[in-house]
Amino acid sequence: RRELGFIGECTPTELTRLEHEAPAFASAFTRVSVEPVSSPATLSMLLHEARRLEREHQLEIDPRAYRRILDLGRALSGGSEPGRSLSALKGLVKSYAKPADALVQPPLAASDVTAWFAKQTGLPELLLSSDPPLSAETLRRELGQQIMGQPAGLDAAVDLVLSLRAGLTARERPYGVYLFTGPTGTGKTELAKCLAEYLYGDARRLCRFDMGEHGGADAVARLLGDRFAPEGTLTRAVRGQPFSVLLFDEIEKAHPAVLNLMLQVFDEGRLTDASGAVADFSHCVVVMTSNLGAGKRSVRGFLDDPGGPSTDVARAVREFFPPELFNRIDRVVPFEPLDRGAARDIAKKELTKLTARPGLTERNVFVRFTDAVVESVVHEGYSLEYGARALKRHIDRQIGDELGRAVTGERGAEMRLFWLYR
């Protein structure tokens, strides 16, 4: 009959964009609104689809797996029901199914669902399952090996992990929004890396934005895109890796328009770039660092006089941030200047990392050091101005360079042991 039937689908946001860019085309359609379905209806659809998949792939699905798909999908996946859960079920079966000639395999269990979601998101299975129990003391000991000399930072990390484990984080906004304040070299960036490693399994899940580079009027255009480059750096990073730690370094240097942008991220957990694509921040941890309130004494990275006066960082933070933005920060975490005890722990940690570098281990070169070496590093690398960074530079320049000369200077045995002593 020379008639053409055409069926299209889009989200409400995409429909608004279509009406703006091609109103005549959009008006040619009869619109049918398809709303998300309830959890009981989704469960029925899961059971119906599971029967088909079981026959097709010759496997069995444990009934408890469906509830785990619903729960984890609601907490970790984008989209709406039933598509969210049905897509997860199909992905699970595809990854779990064995070849037709394989031996009989056990039913797909709830633990397999947890493992699959952990693989998809990068979150450790420990956070996605209620077994085994996780105590605050155990978690504090584990994280305390990386977070040294900053009890407030350690408390914030422990509380975040336990909230995620208990499923108490808000679903429509980031897992957590934190402001780390304090002098340079006290471990603010190191804590952000620690969170990326523990929560998402890899330090590469840390997306860092230097706000010193976003102080101009084009800052928002760079983050969200513009007509010439519709994909912004921030939205591209989050769409590429929705499970990540976002680090906005030295937030006080950002253009004021960037703070208005942060308001939408903290409140709604989403941003739309210049091309109309939406980036979901609801599975991110947002960390801002700042030197606000750092005076002449607090700019030092180590505590010279523990009993000396401290600057009013809290007042400086409140004066800088608009009230509506400050009220959406979950926690302001103060980082104090490091004392010598923390400096020793950091020196020992950095020496251990140096001796485990591939250039040594791949050559079967093993390095040991004494406590006197640690004390020497603290004594010679201690800097009132640059904090832990001065220790790292000292270790690299003095010990790392010396090891490099010893390893490459002459042909050695198949295995060597070096002792560092003082």
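Five strands form an open sheet in the order S2-S3-S6-S1-S7, and their pairing is parallel. The model is predicted.

- From one strand to the next, the twist averages 20°.
- Strand S3 (residues 245-249) and strand S6 (residues 285-290) run parallel and are joined by four bridges.
- Across from Leu246 stands Val286 of S6.
- Helix H10 (residues 188-200) packs on the sheet, where it touches strand S1 (176-181), S2, S3 and S6.
- The direction of H10 makes about 170° with that of S3.

**Helices H3 and H4**

- Two packed helices are described by the angle between their axes and the distance between the axes.
- For helix H3 (residues 39-57) and helix H4 (residues 64-76), the axes come within 10 Å and cross at roughly 125°.
- The crossing of H3 past H4 is right-handed.
- On the H3 side, the contact is made by Ser39, Thr42, Leu43, Leu46, Leu47, Ala50, Arg51 and Glu54.
- On the H4 side, Tyr66, Arg67, Ile69, Leu70 and Arg74 make the contact.
- By type, the residues of this contact divide into seven nonpolar, four charged and two polar.

**Glu54, a residue of the H3 contact**

- Glu54 lies in helix H3 and is one of the residues that make the contact with H4.
- Glu54 has a relative accessible area of 15%, so it counts as buried, the cut-off being under 20%.
- Leaving out residues up to four places away in sequence, Glu54 touches Leu59, Glu60, Ile61 and Tyr66.
- Tyr66 is also among the H4 residues of the helix contact.

**Backbone features in loops**

- Most residues other than glycine have a negative phi, and most peptide bonds are trans.
- Gln58, which is not a glycine, has a positive phi near 55°.
- Gln58 sits in the loop between H3 and H4, and its relative accessibility of 64% makes it exposed.
- Asn364 likewise is not a glycine and has a positive phi, of about 60°.
- The loop between helix H17 (358-361) and strand S8 (365-369) holds Asn364, which counts as partly exposed at 32% relative accessibility.
- The peptide bond between Glu81 and Pro82 is cis, with omega about 10°.
- Pro82 is placed in the loop between H4 and helix H5 (83-96).

**Arg389**

- Arg389 belongs to helix H19 (residues 388-408).
- With a relative accessibility of 40%, Arg389 counts as partly exposed.
- Apart from neighbours within four places in sequence, Arg389 is in contact with Thr184, Gly185 and Thr189.
- From Arg389 to Glu49 the separation is 340 residues in sequence and 56 Å in space, C-alpha to C-alpha.

Technical notes
Residues numbered from 1 in each chain as written. Predicted model: local features only at pLDDT ≥ 70, side-chain atom pairs only at ≥ 80, totals over all residues. Heavy atoms only, no water. Axes fitted to C-alpha atoms, helices over the stretch in contact; angles between N-to-C directions. Helix = DSSP H or I, 4+ residues; strand = E, 2+ residues; numbered from the N terminus. Left-handed = near helix turned anticlockwise from the far one by under 90°. Contact = heavy atoms within 4.5 Å. Nonpolar A, V, L, I, M, F, W, Y, C, P; charged D, E, K, R; others polar. Buried < 20%, exposed > 50% of the residue type's maximum accessible area, 1.4 Å probe, protein only. Pairing = 2+ DSSP bridges.
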